[in-house]
Amino acid sequence: MSRTVAALVTVSGSPAAMSVLLVALLLLPLLGAVALLVPGPLGTLAVRFGLAVSGMVFAVAVAVASLFDYSAAGRMQGTVDLPWIPWLGVRFHLGIDGISLPLVVLTALLTLLCLVYLAGHRPPRARELVFALLVLELGMIGTFLSLDLLLFFVFFEVVLIPMYFVIAVWGGEGRRRAAYKFILYTLLGSAVLLVGLLYVWAQTGTLDMVRLAADHPMGRTAQILAFVAIGVGLAVKTPMWPLHTWLPDAHTEAPTVGSVLLAGVLLKMGTYGFARVAIPILPEGAAAVAPWLGALAVVGIVYGALACLAQRDLKRLIAYSSVGHMGFVLLGFATLTPVGINAALYGNIAHGLITGLLFFLVGALKERYGTSDLDELGPGLLGRLPYVASLLTFASVASLGLPGLAGFWGEMLALQGAYEPAAGLPRELFLTFMVIGGLGAVLTAAYFLVMLSRLTHGPWGGPGPTLHDATRIELAAWVPLVVLILVFGVWPSALLGLTTPAVQALLGVP
Amino acid sequence: MIVSLVVVLPFAGAVLGLLLSRYPHGRGPAENLAANKRAAWFGVLPTALSTALIGWLAWENTPSTNVLTVIDTGGIAITVGLEAAELSVLTAMLVGVVALAVQVYSVGYMRGESRYPSFSAFISLFTSAMLLVVFAADLLVLYVGWEIMGLCSYLLVGHWWEERANSRAAIKAFLVTRLGDVGFLFGIFVLGFAAGSFRISDVMAADIPEPTLVLATLLLLAGVAGKSAQVPLHTWLPDAMAGPTPISALIHAATMVAAGIFVVARLYVLFPQPTLDVLGVAAAIGMLGAALAAFAQTDLKRVLAYSTISQLAYMAAALAGGARDAAVFHLVTHGAFKALLFLCAGAVIHHVGSNLLGHMGGLRRPMPVTFWTMTVGYAALIGLPPASGFFSKDAILYGLERSSSPIQLLLYGSALLTVGVTGAYATRAWLMTFFGTGKVQALPEPAPGTAHVFDGREAPASMLWPIGVLAIPALLLGFTDTGEFHLAPAVTALVVALLGAAFVYVIWRGAPERDPARLLGVFHGPCEQAFYVDRLYAAVFVRPVLALARGVVRADDHVVDGAVRGTGRATVGLSGLTRHLQNGNAQLYVTGLLAGVLLIAVGAVVLG
């Protein structure tokens with residue numbers, strides 16, 4: 001390992017410490033996972049081991065955030081660039097900038113919180129579950145750090161296997177079917193994505209994202225073709241209407257930690273791809289496809305909200321709410337303005353925090369009542385479980401985009417972007433999108449409030465069978481999310497200051 | 001600096017109240033009592049300090065701006081800043097005083113209530129949000145406060161959430177206002193992009209073409225109509241009376257509902273004539289319709305709620321007619337006397353154990369303090385001298401009389417008629433509450449939402465003090481602005497109001513035990529149902545949306561996902577080779593990965 005480090009120092013031109021940390025972000029979960037493979041009486045200690053590893057990863061992520069040069073958030077930092085598969089021109093090329101840094105920290109945090117949550121639950125087959133989660137973490141962080149198209153794809157794929165197992169092994173009753181649907185659907189999407197990436201490579205002869213984004217050497221038609229292929233691949237993961245149907249099933253059947261990571265990080269890999277690959281490398285393709293992207297995005301917003309309004313199952317409801325929220329993220333991208341892309345990146349992080357918290361809470365309810373059916377859980381939850389129900393109210397209010405909480409800025413800025421889209425895009429069309437998106441925001445409020453009313457309000461007939469309210473360990477997993485939702489709600493510059501320079505660099509805006 | 005403190009103090013109170021009231025945790029009666037005591041301090045003290053600081057600002061009377069930070073969003077920056085000008089300080093004074101009165105009053109009103117800590121914390125949060133709206137120097141910052149007020153309204157209307165009706169009312173209040181707020185946000189976009197800045201001072205100074213202004217202000221009006229319960233978005237306010245009465249006094253009478261009027265007054269130079277005409281028509285319809293509806297209500301709080309809609313429409317009409325200062329004057333006096341009326345109504349309800357006018361009567365003897373203070377409130381509402389409403393209403397009528405608005409006749413006529421109806425419904429409520437024979441009898445423990453059982457005594461001191469203190473401005477506030485007093489419209493209004501009052505008195509005198517609302521005859525039904533607007537909206541908007549939602553769920557399962565499943569089945573059917581993938585799981589992925597690698601290899605060979 002020391003040889004690798006030494007090689008890094010000489011190979012990369014940027015500050016060595018940062019590069020070492022970036023590699024550590026990948027090595028730690030990898031080594032942790034490998035260590036779990038060693039046969040031995042680890043048994044119940046597996047979760048603690050995972051906790052320690054993910055804690056270290058989180059510490060490294062925090063170190064990265066503190067070493068990060070915020071005055072140059074638009075520049076790639078800590079780059080590592082080593083040959084990997086020379087005959088294909090694939091390089092082990094990593095780096096971090098203002099777009100990927102928040103996502104890396106979010107991933108490390110959510111994985112840590114998931115393991116904190118597991119520490120209070122003694123899951124069956126703990127060793128395998130922790131193994132899957134660590135591999136998942138590796139893939140997720142790798143996706144956000146890669147600067148080589150094929151490396152990006154490999155990490156993108158690495159995530160699928162552990163998630164498949166998490167759903168298929170630790171899931172609910174219909175887990176098999178849901179897991180198949182998840183893997184088939186996303187694999188199909190990945191195949192299309194790969195075709196698109198290879199097409200880019202065939203056209204340009206390089207896989208280096210930084211160079212491709214700086215020069216964009218492809219012609220317009222080729223860009224459109226590549227954008228459609230890559231876009232479809234990413235849209236499956238995001239998910240974009242009408243490619244979303246794997247999501248409700250996967251979420252409903254996945255265990256709590258699976259749902260949290262699925263909604264909190266996996267969906268972001270799709271949207272991150274738009275910000276890192278599709279839009280910067282293929283700007284003309286993006287401009288041509290943007291109206292379509294915007295149209296599907298707003299359809300997703302309204303459709304997701306309507307589907308939630310008539311939903312009877314809480315987990316499905318929150319899954320569909322993700323379709324709506326990702327609609328706002330995609331709308332932000334579709335505007336191709338700095339505001340819009342900022343909005344998308346903000347919405348990404350906010351959704352990860354808020355929906356992560358929501359799935360934690362739903363998981364806690366399902367664990368206590370053995371169901372996530374709204375009518376069986378309600379009414380009067382505020383009386384029976386005041387802490388859980390209050391937090392659920394908080395998370396729902398955050399999710400419906402209340403100003404002062406994290407969800408607001410992404411939505412509001414996306415609508416603002418649509419009010420004045422990039423030059424060359426049809427303004428009237430985007431104004432229509434803005435109006436539809438605004439109405440979607442009202443519907444979003446409607447279904448969350450109706451859900452809260454059915455679940456938390458209403459007569460509860462006094463304390464019934466004693467169910468414990470939020471435990472200490474659950475609160476330990478939830479409170480960091482609550483705090484961050486508040487922080488990003490009242491201090492949007494914390495994120496916008498990071499993403500704005502990166503987005504301006506990405507769009508070539510001075 | 002002081003402005004920031006004014007806003008932050010109640011916010012800090014809210015945070016502390018929520019986190020620390022119940023620390024260390026415990027849910028016994030003794031712990032509840034201790035928690036409530038601590039929560040009361042967290043509620044009252046910051047509000048009191050904040051109000052004192054507002055007083056200081058009013059005393060200094062120098063406009064000040066305080067920019068905390070500028071948020072670079074990649075587009076037009078957002079200036080997080082506060083600005084204290086004359087209108088803002090005046091409105092903030094109203095907010096501070098009423099909020100303080102309500103906080104003190106709640107200590108008595110919610111005594112022994114186990115959820116009092118969250119209740120008082122939400123009031124503090126509301127106070128902070130409203131002060132943010134009042135002092136905001138940037139339109140988007142204003143919007144932030146604007147929406148948080150809506151959330152507090154939702155949480156507090158639904159305070160007694162065990163009752164389904166309260167929960168529904170809370171949802172309705174939030175959603176109807178949010179619908180308007182979407183328009184409001186878009187209006188902010190139009191203004192901000194036209195001016196190149198969201199700062200209010202920049203927007204007001206910018207040279208924006210009239211068509212853009214008309215569009216922008218019409219969009220803003222949607223939000224104004226929502227918050228200030230103006231036609232056609234007024235339907236949530238009467239239902240919001242499901243909340244505890246102190247909330248009705250603070251949020252749904254004196255402050256939040258006045259925010260819409262405040263915003264129009266604040267941005268008045270931006271409002272061109274066409275927008276003002278639209279506002280005027282809505283106000284003219286609203287003020288008379290709501291006054292008639294108030295006359296037919298059987299629930300005391302709903303009488304006051306419709307009265308609020310009607311009085312807010314007065315202010316809107318004044319704005320539409322060009323009498324901005326009169327509108328602001330009435331906003332302040334109305335805030336004082338309507339908060340007073342609600343707090344008195346709360347004392348009455350607390351005493352009787354019911355909201356219904358039919359259950360009241362003869363209360364003038366057991367509740368002398370409430371009787372006299374509420375009489376002051378009604379006098380101000382009707383516009384009897386020397387109460388404050390007399391002067392502010394006179395200013396509005398004078399303004400409307402001389403208005404150059406193209407709909408001047410409509411505004412003035414409607415306002416004068418409403419003065420008469422206001423005299424009638426206020427007199428009816430006053431007579432039915434305090435005169436006639438007492439019908440109050442001891443009731444069993446009431447359901448949540450109806451306060452306490454009858455105990456035959458006047459309300460506790462913590463409730464009477466705020467009532468008494470609020471009665472002073474309700475009575476005397478009019479004299480602060482007598483320079484604008486005009487005798488002729490005052491006499492006209494007084495005669496019309498007394499006519500309405502006398503009419504009701506004569507009817508009531510004939511049969512004191514019967515409801516004078518029978519005077520409406522065949523119109524009684526429509527008036528009581530507020531002209532069936534609720535049913536119309538349910539049929540036109542609510543039910544179709546719900547039906548659509550059910551359709552989407554079905555379509556999602558059968559069409560969108562059906563296509564996916566169908567494709568999957570077809571693929572499996574076509575390819576016997578891959579059938580075994582159905583039972584494997586590891587193989588499945590390995591195959592996928594292999595396919596990927598194969599594709600890479602093929603790509604490398606063919607294209608490289």
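What distance separates the centres of domain 1 of chain A and domain 2 of chain A, taken over C-alpha atoms? The answer is 24 Å, and the views below start from there. This is a predicted model, in which local features need pLDDT of at least 70 and side-chain atom pairs count only at pLDDT 80 or more, while totals for chains, interfaces and linings use all residues. Residues are numbered from 1 along each chain as its sequence is written, and chains are lettered from A and ligands numbered from 1 in the order in which they are written.

**View 1. Two domains of chain A meet.** An automatic or database domain assignment divides chain A into domain 1 (1-158) and domain 2 (175-386 + 406-463 + 495-510). Here 32 residues of domain 1 are in contact with 35 residues of domain 2 (contact: C-beta atoms, placed from the backbone, within 7 Å). On the domain 1 side, strand S2 (90-96) and helices H4 (100-119), H5 (126-145) and H6 (149-158) of chain A each supply at least two residues; helices (H or I, at least four residues) and strands (E, at least two) are DSSP runs, numbered from the N terminus. H4(A) gives the most, with ten residues. This side divides into 22 nonpolar, seven polar and three charged residues (nonpolar: Ala, Val, Leu, Ile, Met, Phe, Trp, Tyr, Cys and Pro; charged: Asp, Glu, Lys and Arg; polar: the others, Gly among them).

View 2. Strand S1 (residues 77-85) of chain A runs antiparallel to S2(A), joined to it by six bridges (strands pair if DSSP finds at least two bridges between them). Look for A:Gln77 opposite A:Ile96 in S2(A). Four residues lie between the strands, and A:Gly89 takes a positive phi near 75 degrees in this hairpin. Six of the seven residues of S2(A) are buried (20 or more other C-beta atoms within 10 Å of a residue's own, all placed from the backbone).

**View 3. Helix H2 of chain B.** Helix H2 (residues 29-60) of chain B has 32 residues and reaches 47 Å from its first C-alpha to its last, close to the 46 Å expected (1.5 Å times one less than the number of residues). Its buried residues include B:Phe42, B:Gly43 and B:Pro46. Among the elements covering the buried residues of H2(B) are helix H1 (2-20) and strand S2 (78-84) of chain B. Just after H2(B), B:Asn61 takes a positive phi of about 55 degrees.

**View 4. Chain B against chain A.** Here 47 residues of chain B are in contact with 52 residues of chain A. H6(B) supplies the largest share of the chain B side, twelve residues.

Conventions:
Buried ≥ 20, exposed ≤ 12 C-beta atoms within 10 Å, placed from the backbone.
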